[in-house]
Amino acid sequence: MAIEVPRRAVLSRPLSVPLIATVVVALPLAVAAQPGIGLRDTTFWLQLVVACYAGVRLCAMVLSGRRRLIQGAFWLFGYLAMGIAPLAQSVLGRDPTPVLGPREDTQLATALVLCGMVAFDVGALLARLRPLGRERGRPASVHRGRLALLVLLAYVASGLLIVQLGGPGVFFTSRQEISASLAEATGAPADGADGGGEAGSALLRGFGTVPAMLALLFLTRWLVTSRAARRRPAVVLPWAGLLVLNAIVNNPISNPRYWFLTVLFALLFTIFPRSPVMYRAALAVGLAVALLVFPFTDRFRYDEDARRPLETDSVLEPLVVKDYDQLNMFANTVTFAGDGHGHSYGEQLAGAALFFVPRGVWSDKPEDTGFLVGGWMGTDSANLSSPLWAELWLDLGPLGMTAGFAAIGYLAARTDRRYVRRTVDDPSPGNVLAVVVPVLAGYSFILLRGSLLQASGRIGIALLCLALVTTFRPSRRSELR
């Protein structure tokens with residue numbers, strides 16, 4: 001009897017050689033060989049190792065027979081933001097954000113990045129060695145009546161945001177104009193210089209964007225998996241309206257690019273929940289877009305008079321823009337701690353977890369880590385990154401950071417496996433996990449880029465929305481069909 005070869009294995013063979021050759025060998029070596037004034041020192045070689053290691057793991061995600069959404073997002077970010085981009089900056093001798101400490105601090109930060117990646121892999125390996133077992137109790141599912149409430153909330157909240165900012169037109173101008181309109185609507189400083197005064201505008205924008213995205217995803221899931229739903233105007237018409245609403249409030253012009261990436265990833269994997277081909281294509285195309293397109297979309301951050309020209313004098317120029325300042329900020333965090341501030345031993349993480357507690361109640365509430373380090377650097381910018389490596393290292397030290405990444409890798413691998421099993425074994429329209437995991441995979445770019453305090457607001461709003469629609473005791477009347 002002939003043994004049938006799985007289609008995914010046949011599909012991966014023609015992709016494997018050119019993909020690995022390009023991502024692991026050709027691109028890092030091409031970047032390293034470019035002319036520049038940077039030093040070819042220990043830091044440079046460590047960055048080359050990080051790029052190659054992350055490239056190997058990214059290729060493994062793309063060519064895997066399983067869809068590993070969260071792990072794939074981790075390695076895509078790690079390869080670009082912590083591998084290729086720092087390598088290009090080292091070659092050119094240019095930093096998108098000033099690095100105040102000695103070169104040794106950048107070397108330590110690069111070594112810690114590599115340690116975090118290895119720890120993530122170890123955690124994922126431990127998760128694969130442990131069987132999932134049977135789920136206890138009923139799986140989470142979407143309650144039909146509560147979903148209608150979420151749709152209503154999405155329309156009201158997004159409509160309020162549009163009205164407060166002066167109509168749909170402002171969403172197609174620039175992020176600078178949006179920030180100014182939000183500041184005017186909420187009374188917050190336009191530049192966010194107080195480090196915490198943007199709470200009102202963050203809540204307004206969060207409630208105006210997150211419920212609309214989640215409502216669209218849940219209705220999309222319903223339409224994709226149910227022929228009966230596609231015949232119901234009561235489902236199709238609200239979905240079409242949400243599509244228009246998301247095109248306004250979640251478009252890539254007026255939103256941070258990482259947030260738009262979250263919406264795009266989540267929608268793509270909700271429409272194609274069981275397609276390995278789409279999963280591979282999303283990672284491969286995401287890599288190309290991040291290298292070739294992503295840096296240039298920074299022009300939408302500013303109004304027309306302040307937009308920067310697109311001309312470059314080096315093929316590496318797109319990789320030395322401020323979007324890829326993660327390793328620079330990690331190095332500055334190392335210097336910040338060594339300058340007498342030390343480690344915070346959980347204080348920063350507590351501030352992110354308890355983001356909803358007002359400063360009037362918690363007078364010593366920690367500041368955003370990126371803003372805190374930026375203030376020490378002498379800049380008042382509220383848009384400095386604080387990658388997860390820096391957050392964990394500042395709070396927990398090197399051992400705590402390593403253990404943290406091992407735990408994250410373990411949880412990511414377990415969640416990915418559970419997602420695959422649930423989307424294969426449970427194709428029901430109300431499968432909550434089939435929507436939550438794509439959202440988490442997309443949002444992991446924001447969590448990895450940091451800072452955690454900035455990322456916590458939308459997470460809290462998303463959790464409230466999920467609590468609204470989720471039930472563990474579905475009845476025949478409440479199920480999506």
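**Close-ups of helix pairs and salt bridges**

**View 1. Helix 5 meets helix 9.** In helix 5, Val151, Ala154, Tyr155, Ser158, Leu161 and Ile162 touch Leu237, Pro238, Gly241, Leu242, Leu245, Ile248 and Val249 of helix 9 (contact means heavy atoms within 4.5 Å; helices are DSSP runs of H or I, at least four residues, numbered from the N terminus). Sorted by class, the residues of this contact are eleven nonpolar, two polar and no charged (Ala, Val, Leu, Ile, Met, Phe, Trp, Tyr, Cys and Pro count as nonpolar, Asp, Glu, Lys and Arg as charged, and the others, Gly among them, as polar). This is a predicted model, where local features need pLDDT of at least 70 and side-chain atom pairs count only at pLDDT 80 or more, while totals for chains, interfaces and linings use all residues. Residues are numbered from 1 along each chain as its sequence is written, and side-chain values use heavy atoms, with hydrogens and water left out.

**View 2. How helix 5 and helix 9 cross.** Take helix 5 (residues 144-164) and helix 9 (residues 233-249): their axes come within 11 Å and cross at roughly 30° (axes are lines fitted to C-alpha atoms over the stretch in contact, with angles from 0 to 180 degrees between N-to-C directions). Helix 5 and helix 9 are therefore roughly parallel to each other (under 35 degrees counts as roughly parallel, and 65 to 115 as roughly perpendicular).

**View 3. Helix 3 against helix 12.** The axes of helix 3 (residues 69-92) and helix 12 (residues 326-341) come within 8 Å and cross at roughly 80°, so these two helices are roughly perpendicular to each other. Phe77, Ala81, Met82, Pro86 and Gln89 of helix 3 meet Gln326, Leu327 and Asn328 of helix 12. That contact has five nonpolar, three polar and no charged residues.

**View 4. A salt bridge between arginine 103 and aspartate 41.** The closest N and O atoms of this pair are 2.8 Å apart (a salt bridge is a side-chain nitrogen of Lys or Arg within 4 Å of a carboxyl oxygen of Asp or Glu). Arginine 103 sits in helix 4 (residues 103-129) and aspartate 41 in the loop between helix 1 (7-32) and helix 2 (42-63), 62 residues apart. At 30% relative accessibility, arginine 103 counts as partly exposed, while aspartate 41, at 19%, counts as buried (buried is under 20% relative accessible area, exposed over 50%, partly exposed in between, with a 1.4 Å probe and protein chains only).

**View 5. Arginine 57 pairs with aspartate 121.** The whole structure has two salt bridges, and one of them joins arginine 57 and aspartate 121 at 2.8 Å, N to O. Arginine 57 belongs to helix 2 and aspartate 121 to helix 4, 64 residues apart. Both arginine 57 and aspartate 121 are buried.

Note on methods:
Parallel < 35°, antiparallel > 145°, perpendicular 65-115°, else oblique.
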